[in-house]
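Here's a quick briefing to keep open next to the viewer.

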Number of protein chains: 2
Amino acid sequence: MKLIPVILCGGSGSRLWPVSRELHPKPFIRLADGQSLVQKAFLRGARLAGVTEILTVTNRELFFKTKDDYREVNQAGIGTSFILEPFARNTAPAIAAAALEAARLHGEDALLLVLPADHLIADEAAFAEAVSKAARMAAEGRVVTFGIQPDTPETGYGYIEADGAQVVRFIEKPTLDKAQAYLDSGNFLWNSGMFCFSAGTMLAEMERHCPDLLAAAKSCYEQSRFAAGEGFTEVELHAKSFGQVPDISIDYAVMEKSGSMAVVPCTIGWNDIGSWSALGDLVAPDASGNRVEGQALLHDVSNCYIRGGDRVIAAAGLDNLLIIDTPDALLVVDRARAQDVKHIYNRLKQDGNETYKLHRTVHRPWGTYTVLGEGSQFKIKRIEVKPGASLSLQMHHHRSEHWIVVSGMARVVNGDNELFVRTNESTYIPAGHRHRLENPGVLNLVMIEVQSGEYLGEDDIVRFQDIYGRS
Amino acid sequence: MKLIPVILCGGSGSRLWPVSRELHPKPFIRLADGQSLVQKAFLRGARLAGVTEILTVTNRELFFKTKDDYREVNQAGIGTSFILEPFARNTAPAIAAAALEAARLHGEDALLLVLPADHLIADEAAFAEAVSKAARMAAEGRVVTFGIQPDTPETGYGYIEADGAQVVRFIEKPTLDKAQAYLDSGNFLWNSGMFCFSAGTMLAEMERHCPDLLAAAKSCYEQSRFAAGEGFTEVELHAKSFGQVPDISIDYAVMEKSGSMAVVPCTIGWNDIGSWSALGDLVAPDASGNRVEGQALLHDVSNCYIRGGDRVIAAAGLDNLLIIDTPDALLVVDRARAQDVKHIYNRLKQDGNETYKLHRTVHRPWGTYTVLGEGSQFKIKRIEVKPGASLSLQMHHHRSEHWIVVSGMARVVNGDNELFVRTNESTYIPAGHRHRLENPGVLNLVMIEVQSGEYLGEDDIVRFQDIYGRS
């Protein structure tokens with residue numbers, strides 16, 4: 001029986017801001033070992049017996065970033081297929097699209113294992129055993145959830161009341177009293193958001209419990225753009241009709257209504273990392289209970305989590321705080337109030353403060369750029385282009401650009417000329433000149449760009465040709 | 001009678017780190033009104049009746065920066081003379097040099113008013129009145145201190161026990177019990193570090209109480225380099241013999257030993273801004289008691305002082321903290337522990353962390369530079385050159401430089417060529433080429449420099465000519 005992990009890679013950046021942002025959400029946060037959460041999800045799926053392909057449902061804005069993250073860890077050459085959403089939507093539309101795609105490619109018997117991209121699972125052997133149980137039940141036509149054995153009266157999760165492998169009911173996030181009663185009873189499990197089912201079973205359940213959603217999802221899927229190649233398929237969902245698919249969760253659309261739900265109770269070291277406090281707990285503490293990533297100088301500080309980068313962080317006389325530092329935004333919050341970070345994020349978004357959305361380093365299909373400084377009539381960027389990658393053939397009306405290669409080698413189209421610019425060489429692109437930057441080498445190309453002009457907005461760009469379909 | 005304010009501009013950056021640094025100490029901190037403390041001291045002296053000249057004793061590393069700060073506020077055209085110390089030393093050597101210089105230029109009757117560069121005085125009318133009283137006593141041959149009427153049992157200051165205008169004794173920083181007793185008694189005043197005396201009186205008192213110090217100071221003064229021009233004099237103290245002058249305070253060398261000390265008790269809104277807590281108190285609080293400079297987003301935060309710059313600072317669930325943010329270093333400290341910042345500073349200095357010494361923006365005689373980014377084999381600087389200023393004629397062995405003018409105009413010597421580089425033009429300086437950068441215009445010149453090479457240390461520089469005497 002074919003088992004296809006389906007990674008749901010999305011979510012907002014709200015609770016782990018300022019490291020997560022709208023266009024750099026939680027799955028892309030790197031842990032102390034250097035791996036991102038989505039890389040860990042990918043490897044978790046890839047290591048399961050018999051898996052040869054992973055299907056990822058993500059926002060099309062996150063497509064290249066996700067592929068880049070996979071490329072770093074996909075030594076086994078697992079096939080990577082994608083369903084690209086035009087905008088963020090809840091889990092039911094994503095799972096409907098995944099079921100339709102799996103049924104088309106592999107038939108209705110194909111088993112899907114839905115994995116959120118932003119959870120951690122410490123015990124992979126126990127996880128693999130739970131998946132194997134779930135897959136057997138899914139093959140018999142059940143929709144199977146994974147229920148985590150609780151060890152604290154957590155109020156931040158939904159619960160599943162179970163009778164052996166049978167789901168009695170799903171329960172919303174409880175009060176502390178109720179959570180304690182659930183913990184004491186032993187029949188209640190945390191709803192992990194992981195599921196296993198065959199494509200055909202899910203489509204039949206949707207036909208029964210949310211036929212309108214399934215019809216809208218089918219209509220969208222049928223109008224979508226399909227691509228395929230060696231070891232991958234891509235579906236770019238049709239934007240307008242995707243907006244017609246109800247924005248609801250799979251729990252609400254199917255799981256809570258279905259009478260044939262099964263659950264695999266498991267103890268697998270599951271952690272959904274729902275806050276900075278939870279993320280901090282993954283870092284080993286020092287003798288004073290401080291958990292530090294980056295450079296910190298602490299004087300009488302205890303039980304703090306400090307996550308920085310290049311800057312020195314000095315602290316004195318603190319207890320139980322979270323200090324999260326990034327190049328353009330700083331967060332200081334009482335550890336007990338870690339959940340309030342989402343209010344801060346929402347306020348920033350309302351205020352139109354760019355830090356809710358983008359980091360100073362912005363990912364593009366061809367690499368990254370970082371704004372190093374700007375002033376009246378100039379802006380300085382560090383541009384890094386991946387080997388073999390190419391920016392679009394483009395032109396700016398209002399700005400000219402000085403390019404200085406500081407590492408690697410560039411092939412440049414500048415007006416009617418084509419030239420190579422080597423390390424420590426420069427070139428000048430006057431306003432109105434068509435130009436293209438390409439990295440023909442095998443090492444990353446690093447370039448400093450100094451823009452000069454009366455208007456320097458990112459929207460002053462005319463794209464003539466773009467290998468990433470953006471012209 | 002001629003009255004010459006003597007501004008002592010020095011001190012370490014320890015208690016107000018990370019805004020103050022060894023080469024950007026407390027006098028250069030800017031308050032919310034945009035003025036630095038040394039500018040405020042300058043104006044305080046300049047506004048006194050009859051003042052036509054201010055003498056400043058400072059480290060020669062701080063000379064140009066101090067002059068720049070004065071230039072911004074010296075609309076009245078007060079004469080600005082300097083005594084430049086080769087390295088930091090206590091107050092007695094500085095005051096000895098000031099007395100010698102004043103006696104030489106204006107005779108032994110000239111009155112000196114010693115003002116630390118890093119204090120605040122809110123009530124300038126009361127200050128002027130106190131100075132006028134002090135000057136009358138100084139003219140009669142007294143050494144006069146200014147004693148601040150205490151309003152709290154402060155343990156961070158020295159005290160003066162007074163009997164009318166007569167000093168009974170000087171007292172070191174007391175315990176809280178003693179400070180309370182001093183406050184209750186009404187006969188004790190805070191030692192403000194401001195003094196008034198004639199040059200001749202001070203030299204005579206030194207001859208009596210610290211003849212060795214005076215002899216060493218004279219020997220140093222006589223070997224020093226003197227310069228003078230329209231409205232200024234400059235003494236660059238002889239480095240080797242300056243090291244022979246005992247490193248002690250004027251209080252210890254003279255004041256505590258002299259029987260003829262007088263005191264002017266005063267209430268002038270004096271504040272020595274001894275910590276971040278004191279500096280924060282100068283900013284108006286919001287309804288929750290928060291004092292904010294820069295961009296901050298606060299969620300259930302009270303009684304905090306937050307000082308930032310361009311970055312967003314977000315905080316939740318905090319009370320009574322100080323958050324001080326700079327481009328390369330961040331400080332978070334409990335308000336009650338503001339004095340502990342000096343321990344942090346000392347640790348950074350021991351560890352050789354550059355942030356104890358320099359900001360990312362470094363002041364030079366000709367302007368400033370800011371490191372925007374660096375990597376393997378490249379470094380990017382923003383260089384700002386003042387109108388009419390010129391860098392030295394120089395050469396680097398190991399690095400080449402790309403210069404792009406983004407604002408203003410540059411005159412450049414590049415090997416055997418001399419050229420003008422205008423806004424949005426660039427030039428390239430190969431390693432081994434002699435070069436010079438100059439701003440011939442009347443606006444600031446802003447330039448981006450991209451350095452490229454195997455070694456990029458500031459010490460790879462050969463200076464052929466330098467208008468600031470650094471070759």
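Let's start with an open sheet of 6 strands, ordered 15(A)-17(A)-19(B)-18(B)-16(B)-14(B), with mixed pairing. Its edges are strand 15 (296-299) of chain A and strand 14 (291-293) of chain B; each has a single partner strand, so one side of each is left without a neighbour in the sheet. From one strand to the next, the twist averages 5 degrees. Keep in mind that this is a predicted model.

- On the chain A side, strand 15 and strand 17 (residues 312-316) of chain A pair in the parallel sense, over 4 bridges.
- Within that pair, Leu297(A) sits opposite Ala314(A) of strand 17 of chain A.
- Helix 11 (residues 341-350) of chain B packs on the sheet and touches strand 15 and strand 17 of chain A, along with strand 19 (329-334) of chain B.
- The direction of helix 11 of chain B makes about 140 degrees with that of strand 15 of chain A.
- Where do the chains join up within the sheet? Strand 17 of chain A runs parallel to strand 19 of chain B, and 5 bridges join them.
- One residue pair to look up there is Ala315(A), whose bridge partner in strand 19 of chain B is Val332(B).

**The A/B interface**

- How many residues of each chain are in contact with the other? The count is 49 residues of chain A against 48 residues of chain B.
- Strand 19 (residues 329-334) of chain A gives the largest share of the chain A side, with 6 residues.
- Sorted by class, the side of chain A that touches chain B has 26 nonpolar, 15 polar and 8 charged residues.

**A second sheet, in chain A**

- Chain A also has an open sheet of 6 strands in the order 20-21-22-29-24-27, and here the pairing is antiparallel.
- Strand 20 (361-364) and strand 27 (426-429) of chain A are the edge strands, each pairing on one side only.
- The twist in this sheet averages 20 degrees from one strand to the next.
- Strand 21 (residues 367-375) and strand 22 (residues 378-385) of chain A run antiparallel, joined by 8 bridges.
- Gly375(A) has Phe378(A) as its bridge partner in strand 22 of chain A.

**Helix packing in chain A**

- Helix 6 (residues 199-209) and helix 7 (residues 211-222) of chain A have axes that come within 5 Å and cross at roughly 125 degrees.
- Angles from 65 to 115 degrees count as roughly perpendicular and those over 145 as roughly antiparallel, so helix 6 of chain A is oblique to helix 7 of chain A.
- On the helix 6 side of chain A, Leu203(A), Met206(A) and Glu207(A) meet Pro211(A), Leu213(A) and Leu214(A) of helix 7 of chain A.
- By class, that contact comes to 5 nonpolar, no polar and 1 charged.

**Helix packing in chain B**

- Helix 3 (residues 91-106) and helix 7 (residues 211-222) of chain B pack at an angle of about 60 degrees, their axes 10 Å apart.
- That angle makes helix 3 of chain B oblique to helix 7 of chain B, and their crossing is right-handed.
- Residues of helix 3 of chain B in this contact include Ala92(B), Pro93(B) and Leu100(B), while those of helix 7 of chain B include Leu213(B), Lys218(B) and Tyr221(B).
- The contact of helix 3 with helix 7 of chain B has 9 nonpolar, no polar and 1 charged residues.
- Helix 3 of chain B also crosses helix 6 (residues 199-209) of chain B at roughly 130 degrees, and the axes come within 9 Å.
- This pair, helix 3 and helix 6 of chain B, is oblique too, but the crossing is left-handed.
- Among the residues that meet here are Ile95(B) and Ala99(B) in helix 3 of chain B, and Gly200(B) and Met206(B) in helix 6 of chain B.
- The contact of helix 3 with helix 6 of chain B divides into 9 nonpolar, 1 polar and no charged residues.

Key:
Residues are numbered from 1 along each chain as its sequence is written. Chains are lettered from A and ligands numbered from 1 in the order in which they are written. This is a predicted model: local features need pLDDT of at least 70, side-chain atom pairs count only at pLDDT 80 or more; totals for chains, interfaces and linings use all residues. Two strands pair if DSSP finds at least two bridges between them. Helices (H or I, at least four residues) and strands (E, at least two) are DSSP runs, numbered from the N terminus. Axes are lines fitted to C-alpha atoms, for helices over the stretch in contact, and angles run from 0 to 180 degrees between N-to-C directions. Two residues are in contact if their C-beta atoms, placed from the backbone, lie within 7 Å. Angles under 35 degrees count as roughly parallel, over 145 as roughly antiparallel, 65 to 115 as roughly perpendicular and the rest as oblique. Ala, Val, Leu, Ile, Met, Phe, Trp, Tyr, Cys and Pro count as nonpolar, Asp, Glu, Lys and Arg as charged, and the others, Gly among them, as polar. A crossing is left-handed if the near helix is turned anticlockwise from the far one by less than a right angle, and right-handed if clockwise.
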